Amino acid sequence: MNKEIYLVRGTSTESYRDFGSRIVNMAGRLVSNLRPDALKLTITEKAPPGISIIPFRKSKIAAVSIYKSNLLPVEELIQAEGFYGAYRVTEALPVAYRKSWKDGEPTPGACLLTLFSKKKSIDYKTFIHRWHNGHTPLSLRIHPLWNYVRSVVSESMIEDSARFDGIVEEQVQQASDLLNPFRFFGNPLIIIPRMIRVYADTKSFIDYAGMETYFAAEYHIKS
């Protein structure tokens, strides 16, 4: 089954509510018209906290994940206002929740959506090795994650898509697990060494200056 991720940005004049309505309505039309195997949204629903140890972007964005058998690009998403990129990806779930809520309902908790490219000074094989065999297990040991969706970009489907090599969605069961540093990194005795270790590990394989992180919510429109 083919997985594609489409990124759409909100406009400067849209509220978070209006942006969410636009994307959800579009997703509903796609489910009806395309009949994909599955469709999921990861979307910014509100502004991130003003102060946070995670460098959240303040702009609005949606990552629309579509699972389908054909390889045809989804024109409605490509033509959408704020289109940012379309990617064919390879997905892995190092840890996965068991979905017990209905389609259309928000996934419990909160999501950290991260878009990134490899560090320019390393080759692609090293990038994948450090990401999959180093950073992923480190994240699972340190952070209270109950779902980790790792999408490796195999190709950009549209020439003018923003350049990214990886798209990661990390879910926690409560928003405080992500926003409270002592819940996300650990108690006061270990938090500083852990933060330093995660920061150094991230910078070893990711173009840190170009990385984009968002405080988001997840919706399975069709599971």
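**Barrel, helices and packing**

Visitor: Which strands does helix α1 lie across?
Guide: Helix α1 (residues 16–34) lies across β1 (2–9), β2, β3 (61–68) and β8, and runs at about 170 degrees to β2. Helices (H or I, at least four residues) and strands (E, at least two) are DSSP runs, numbered from the N terminus. Axes are lines fitted to C-alpha atoms, for helices over the stretch in contact, and angles run from 0 to 180 degrees between N-to-C directions; contact means heavy atoms within 4.5 Å.

Visitor: What kind of model is this?
Guide: It is a predicted model, in which local features need pLDDT of at least 70 and side-chain atom pairs count only at pLDDT 80 or more, while totals for chains, interfaces and linings use all residues. Residues are numbered from 1 along each chain as its sequence is written, and side-chain values use heavy atoms, with hydrogens and water left out.

Visitor: How many strands are in the barrel, and what is their order?
Guide: The closed barrel has 8 strands in the order β1-β3-β2-β8-β5-β7-β6-β4, with antiparallel pairing. From one strand to the next, the twist averages 30 degrees. Two strands pair if DSSP finds at least two bridges between them.

Visitor: How many bridges link β2 and β8?
Guide: Strand β2 (residues 38–43) and strand β8 (residues 212–222) pair over 5 bridges in the antiparallel sense. Leu39 has Lys222 in β8 as its bridge partner.

Visitor: And β6, is it largely enclosed or open?
Guide: Strand β6 is largely enclosed by the rest of the structure, since 7 of its 10 residues are buried. Buried means under 20% relative accessible area, exposed over 50%, and partly exposed in between (1.4 Å probe, protein chains only). Antiparallel pairing joins β6 to β4 over 7 bridges and to β7 over 6 bridges. Arg88 stands opposite Glu155 in β6, and Asn147 has Gln171 in β7 as its bridge partner.

Visitor: Changing topic: which residues of α6 are buried?
Guide: In α6, the buried residues are Ile191, Val198, Asp201 and Thr202. Seen down the axis of α6, they fall within an arc of 105 degrees, so they line one face of the helix; the arc is that of the directions from the helix axis to the C-beta atoms. Ile192, Pro193 and Ile196, on the other side of α6, are exposed.

Visitor: What do those buried residues pack against?
Guide: The buried residues of α6 pack against α3 and α5 (181–184).

Visitor: Which residues does Phe182 touch?
Guide: Phe182 is found in helix α5. Leaving aside neighbours within four places in sequence, Phe182 is in contact with Asn187, Pro188 and Ile191. Phe182 counts as partly exposed, at 45% relative accessibility.
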